[in-house]
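Trainee: Please pick one part of this model and take me through it closely. Then show me how its surroundings are built.

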Amino acid sequence: MTQLPAHTDRKLGLVIDLDTCVGCHACVIACKGWNTENYGTPLSDQDPYGAEPSGTFLNRVHSFEITPETGAAQLVHFPRSCLHCEDAPCVTVCPTGASYKRVEDGIVLVNEADCIGCGLCAWACPYGAREMDAAAGVMKKCTLCIDRIYNENLPQEDREPACVRTCPAGARHFGDLADPDSDVSLLVAARGGFDLMPEQGTKPVNKYLPPRPKDRLEETDILAPFLEPVAETPQGFLGWLDRALDRF
Amino acid sequence: MAQRHPTLDLSPKVSDEIRKTTCYMCACRCGIDVHLKDGRVAYIEGNRDHPVNKGVLCAKGSAGIMQVNAPSRLRAPLRRTGPRGSGQFEEITWEEALQTAVDWMAPLRAEAPEKLAFFTGRDQSQSLTSYWAQAFGTPNYAAHGGFCSVNMAVAGITTMGGAFWEFGQPDWERTKLLLLFGVAEDHDSNPIKIGLGKLKGRGARVIGINPVRSGYNAVADDWFGITPGTDGLLILSLVHCLLKAGRIDLPYLAQFTNAPVLVNGDPDSPDHGLFLRDAAGKPLVLDRKTHQPVPFDAPGVTPDLAHTYRRAGITHRPVFRHLADRYLSPDYAPEQVAAKCGIPAPRIRALAAELARVAFDEAIEIAQPWTDFRGRTHDKMTGRPVAMHAMRGISAHSNGFQTARALHFLQILLGTVETPGGFRFKPPYPKPMEAHPKPHAKPTPDQPLAGPHLGFPQGPEDLALDANGTPQRIDKAFTWENPLSAHGLMHMVIANAHAGDPYRIDTLFLYMANMAWNSSMSTGRVIEMLTDTDPDTGDYVIPRIIYSDAYSSEMVAYADLILPDTTYLERHDCISLLDRPISEAEAAADAIRWPVIQPDRDVRGFQSVLIDLGARLNLPGFVTEDGQPKYADYADYITTHQRRPGIGPLMGFRGEGQSTGRGDPNPDQLDRYIAAGGFHTHPIPEEAQFYKPWNRAYQDWAVALGLYDSPQPYLFNLWLEPLRRFQRAAEGHGPHQPPDHLRDRIRATMDPLPLWYEPFEDAAIDTEAYPLHALTQRPMAMYHSWGTQNAWLRQVHGENPLYLPTDLWQEQGFTEGDWARVTSPHGTITVPVAHMAALNPSTVWTWNAIGKRKGAWALDPKASEATRGFLLNHLIHELLPPKGDGHRWANSDPVTGQAAWFDLRVRIEKTAPPKEAQPGFPAITSPVPKGPDALAWKTTP
């Protein structure tokens with residue numbers, strides 16, 4: 001068993017806006033590109049041009065349909081990656097200490113040198129956020145781009161995770177969720193950000209912002225006055241036109 | 001266990017160098033930062049300074065790294081050795097390849113230039129390719145717009161002097177309500193997503209009108225799951241509601257549109273339906289102050305919309321009176337259209353009311369004085385913050401032109417075009433239809449064409465017909481069948497060439513167009529046409545095919561000579577103001593590509609090859625006076641070519657490097673672009689930011705930049721007079737007469753006011769036998785056969801089930817993993833299906849062009865794209881089913897010729913799973929080796 005820190009100085013994480021995510025997979029591929037080239041072993045792909053291509057991804061987007069009791073069905077795009085839980089079961093289950101949570105910022109990482117590829121952490125994670133790399137035989141997971149966010153070789157504005165930097169719709173936000181005054185904490189407060197599967201007791205750091213209510217237009221009876229006819233007959237319409245033109 | 005946290009290097013080196021160029025993973029032309037390590041591409045991200053994407057990048061863009069190492073990249077010029085379609089080739093040298101091409105083409109130019117048909121697909125160098133084709137002298141040139149979105153382009157340009165996407169955009173900063181009609185997941189990719197993010201961020205509302213609630217429609221606040229092909233009817237019903245309530249922008253209509261222009265109202269007059277004009281040809285309006293007709297642009301005029309004017313026994317009514325008569329009709333009441341559109345009447349009314357409320361009760365003002373073309377100074381800019389965007393969903397129907405026009409009509413009635421919060425043009429637009437060329441199509445041996453191929457006919461006299469009325473172009477563009485086919489009809493080229501109608505050709509020269517697969521209607525039949533032989537000669541009916549592509553696409557197997565192109569990171573390009581630049585509403589902008597890496601194969605950028613061929617063929621403009629090649633390569637052309645004195649492909653750093661727009665060629669221009677991040681922007685002054693078609697400050701700015709040589713103010717065309725000219729001809733007036741069998745259709749469809757009619761296929765078939773509409777959508781993370789089947793992206797979109805709506809799913813007892821037989825009037829396919837609830841109940845759909853042919857794209861023949869993937873193309877025909885009138889009617893829009901892909905009707909039956917999706921095609925021999933079994937791409941392991 002590996003211990004979690006009793007306290008982390010910061011809680012760096014993502015806030016993902018499900019009202020804005022269009023499901024484009026930009027974050028998926030930017031993550032794949034950065035993390036193939038950077039932290040640890042590359043994210044490999046097996047049978048990349050074959051019948052069953054299967055690669056390692058640290059972030060995937062799923063789409064779910066919701067069919068309300070009344071009204072039209074809806075589609076929600078749901079990006080999924082490590083939530084950097086405060087009570088991360090993937091860490092405590094690790095037999096070698098390879099999985100750990102950083103005291104400085106709460107990021108959950110895998111020390112690939114110590115990872116024996118047993119896969120227990122992936123079984124323990126209720127979110128399915130870890131993937132075993134088939135080529136390297138080590139466990140891969142979201143690092144919050146730890147080699148970007150502190151990287152002095154990058155301009156300050158680029159020191160954020162690749163998925164956040166690339167998100168075209170601006171649906172992904174990065175910051176310190178331990179600081180109640182941070183932009184991400186304020187966003188969570190304003191939009192009713194929620195924990196994914198709180199019943200698991202993992203206390204995820206990442207938060208999701210819920211989709212806003214949809215298909216409300218037909219409820220707007222108050223709009224009726226905006227379509228009051230100006231006249232009931234063609235002659236009446238012409239009269240209205242003439243009077244209206246006189247006013248300009 | 002004891003903690004042994006490793007010491008991490010938190011500041012690893014990111015790259016040796018960043019090279020900034022332009023993406024080409026789709027058509028949107030975002031700026032990219034290409035990180036290189038040891039000379040290899042290590043990572044690609046968005047360029048933060050770039051006007052298009054402002055730093056962000058979509059999945060396709062980030063996956064570019066898998067494109068430049070794709071196994072499907074062609075490696076050397078190829079000459080066909082086996083039968084066409086076998087995929088059997090031998091590698092040859094460039095010298096052999098170029099000489100072969102010259103040997104084929106030079107005799108054609110000398111004797112019959114029209115025997116060469118040169119069509120380019122998703123070409124971003126149309127300014128060059130059209131110039132080349134013009135110099136060659138063949139009338140047979142166009143790009144792919146005819147099967148893409150020419151309805152949007154032509155409706156936009158003819159109605160308001162510019163179209164969506166490349167020529168304009170919503171005012172993302174100010175709009176409060178955005179309507180998206182028929183927009184799937186692209187066009188334009190990142191800007192729409194950035195814009196939606198901005199709208200969401202400030203609580204503005206988005207309404208999606210689309211049969212499928214995916215992508216942008218999934219995040220829309222309201223979804224109107226409209227029945228395909230009925231958007232025009234919905235829009236005209238909104239027009240009805242707004243007009244009836246007087247919720248239209250009368251001052252805008254009076255000042256900036258042809259609503260006040262007087263129209264001849266005498267049915268017996270030869271000029272019936274045409275404008276009353278002065279001796280100089282200017283349309284006349286009634287001045288409300290003097291009650292006298294005056295030219296529309298007369299200083300001080302107050303144009304009237306209400307009163308008629310009688311002259312010489314003929315009553316002339318303003319356009320506004322005509323449109324009021326038509327759209328106030330109860331035929332357009334929501335209750336009348338609801339069932340057809342699949343939208344309940346109260347929702348239509350609610351949408352109209354919301355448009356009215358936002359446009360007029362949430363109007364915005366910018367305290368910015370400006371002066372209009374009549375010399376009147378306005379003290380502010382008033383905005384109607386309703387923006388609209390549309391794409392192929394409304395466009396790819398046989399009523400798509402009039403539907404797109406109806407949409408612009410709605411925008412204009414609300415006063416939302418070129419006003420704050422609405423739709424804004426991007427330079428070089430706005431540009432009136434009359435400022436575009438007319439088509440040129442008369443071939444002369446050994447001579448260039450007299451002018452550009454593509455343009456805007458103003459009437460029957462401008463059609464591309466010879467003295468006998470025979471079409472001059474192989475695709476029959478600019479004929480009575482489709483007079484305003486301003487992008488040509490690429491989808492008809494192979495069928496017409498095969499049929500010898502209007503004539504046979506010798507050489508078909510294609511660039512970046514997968515006509516043997518997903519870019520053709522009825523793929524199987526096109527394959528037969530490409531391989532069919534003439535019994536008299538034993539030769540192929542289309543004797544020679546030259547093809548240029550960077551990748552081993554399906555089309556490669558059907559060509560005789562392959563000129564392998566580079567990938568987008570290995571080439572020069574210019575995204576030019578002469579063509580389709582990257583301008584934004586606030587600034588003109590153009591951009592380049594440059595070789596950020598060198599090819600590791602014997603390939604050449606197609607544009608450089610074309611320039612080389614031009615010189616070898618001795619084409620005017622491609623050789624110097626002493627017959628030497630005028631340009632070393634495309635880079636040299638980009639820098640030194642002048643289309644008009646001082647005007648070249650790139651606007652920036654001209655002359656000594658300080659001039660923008662006009663100026664002498666600057667040999668350092670490309671270096672300056674590279675140093676500037678691959679693009680150049682030229683801001684529009686504040687005073688000129690809105691009302692551009694009528695704004696003196698904008699017009700003067702555009703002239704100074706070289707967009708045009710004199711101010712070009714104009715009125716928006718609510719009444720589209722050129723259509724009326726064709727309609728008049730169909731009524732029997734004038735020397736240019738259509739064939740009799742087309743008269744009724746021209747009369748019915750070329751209406752000068754927008755109208756809706758039933759899609760032709762619906763009218764031609766028993767819709768009860770084919771009760772469903774079948775559509776495709778382009779996924780956000782994949783761009784059909786633009787590039788290769790990318791190793792990362794195919795893990796996102798490797799499958800394309802046919803999505804079925806709930807009722808159909810339940811009625812036939814489908815369950816997950818089932819297959820269905822899908823039958824149209826033209827063919828049958830058998831494909832995997834899946835359930836989708838957020839779908840119009842009479843619509844089925846799938847992702848576009850995921851299906852691949854075995855042997856193409858260096859994929860394993862067992863790849864899901866080749867075994868489970870499929871195309872709807874097999875169900876579509878370029879012609880409608882026979883009507884029994886002796887004619888075969890095109891499955892195209894009757895105004896523009898746009899391929900009516902989305903008119904497709906089908907029926908569905910559950911079936912036992914076949915071994916593979918049907919129809920199956922035999923594998924083609926791959927001209928490139930198979931890809932690796934595993935990837936772990938890291939430049940510095």
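Mentor: Start with two helices of chain B, α8(B) and α11(B), residues 334-341. Their axes come within 10 Å and cross at roughly 160°. That makes α8(B) roughly antiparallel to α11(B). The scale is this: under 35 degrees is roughly parallel, over 145 roughly antiparallel, 65 to 115 roughly perpendicular, and the rest oblique. Axes are lines fitted to C-alpha atoms, for helices over the stretch in contact, and angles run from 0 to 180 degrees between N-to-C directions. The crossing is left-handed, that is, the near helix is turned anticlockwise from the far one by less than a right angle. On the α8(B) side, the contact is made by Leu233(B), Leu234(B), Ser237(B) and Cys241(B), and on the α11(B) side by Pro334(B), Val337(B), Lys340(B) and Cys341(B). Contact means C-beta atoms, placed from the backbone, within 7 Å.

A word on the ground rules. This is a predicted model, in which local features need pLDDT of at least 70 and side-chain atom pairs count only at pLDDT 80 or more, while totals for chains, interfaces and linings use all residues. Residues are numbered from 1 along each chain as its sequence is written, and chains are lettered from A and ligands numbered from 1 in the order in which they are written. Helices (H or I, at least four residues) and strands (E, at least two) are DSSP runs, numbered from the N terminus.

Now α8(B) itself. It covers residues 231-244, which is 14 residues. From first C-alpha to last it reaches 20 Å, close to the 20 Å expected at 1.5 Å a residue. The expected span is 1.5 Å times one less than the number of residues. Since 14 of its 14 residues are buried, α8(B) is largely enclosed by the rest of the structure. Buried means 20 or more other C-beta atoms within 10 Å of a residue's own, exposed means 12 or fewer, and partly exposed lies in between, with C-beta atoms placed from the backbone. After the helix comes Gly246(B), with a positive phi near 65°.

Next, sheets in chain B. One open sheet has four strands in the order β11-β10-β9-β21, with parallel pairing. Pairing requires at least two DSSP bridges between two strands. Its edge strands are β11 (222-224) and β21 (386-390), each pairing on one side only. Three bridges join β10(B), residues 205-209, to β11(B). Ile207(B) has Asp222(B) as its bridge partner there.

Another open sheet has three strands, ordered β12-β16-β15, with antiparallel pairing. β12 (262-264) and β15 (309-311) stand at the edges with a single partner strand each, so one side of each has no neighbour in the sheet. β15(B) and β16(B), residues 314-318, pair over three bridges. Tyr309(B) stands opposite His316(B) in β16(B). Helix α10(B), residues 319-327, packs on this sheet, touching β12 and β16, and its direction makes about 75° with that of β16(B).

Last, strand β33(B), residues 843-847. Five of its five residues are buried, so the strand is largely enclosed by the rest of the structure. Thr843(B), Trp845(B) and Trp847(B) point one way, Val844(B) and Thr846(B) the other. In a regular strand the side chains alternate between the two faces of the sheet. β33(B) pairs with β29(B), residues 772-777, in the parallel sense over five bridges. Thr776(B) has Thr846(B) as its bridge partner.

Notes. Two residues are in contact if their C-beta atoms, placed from the backbone, lie within 7 Å.
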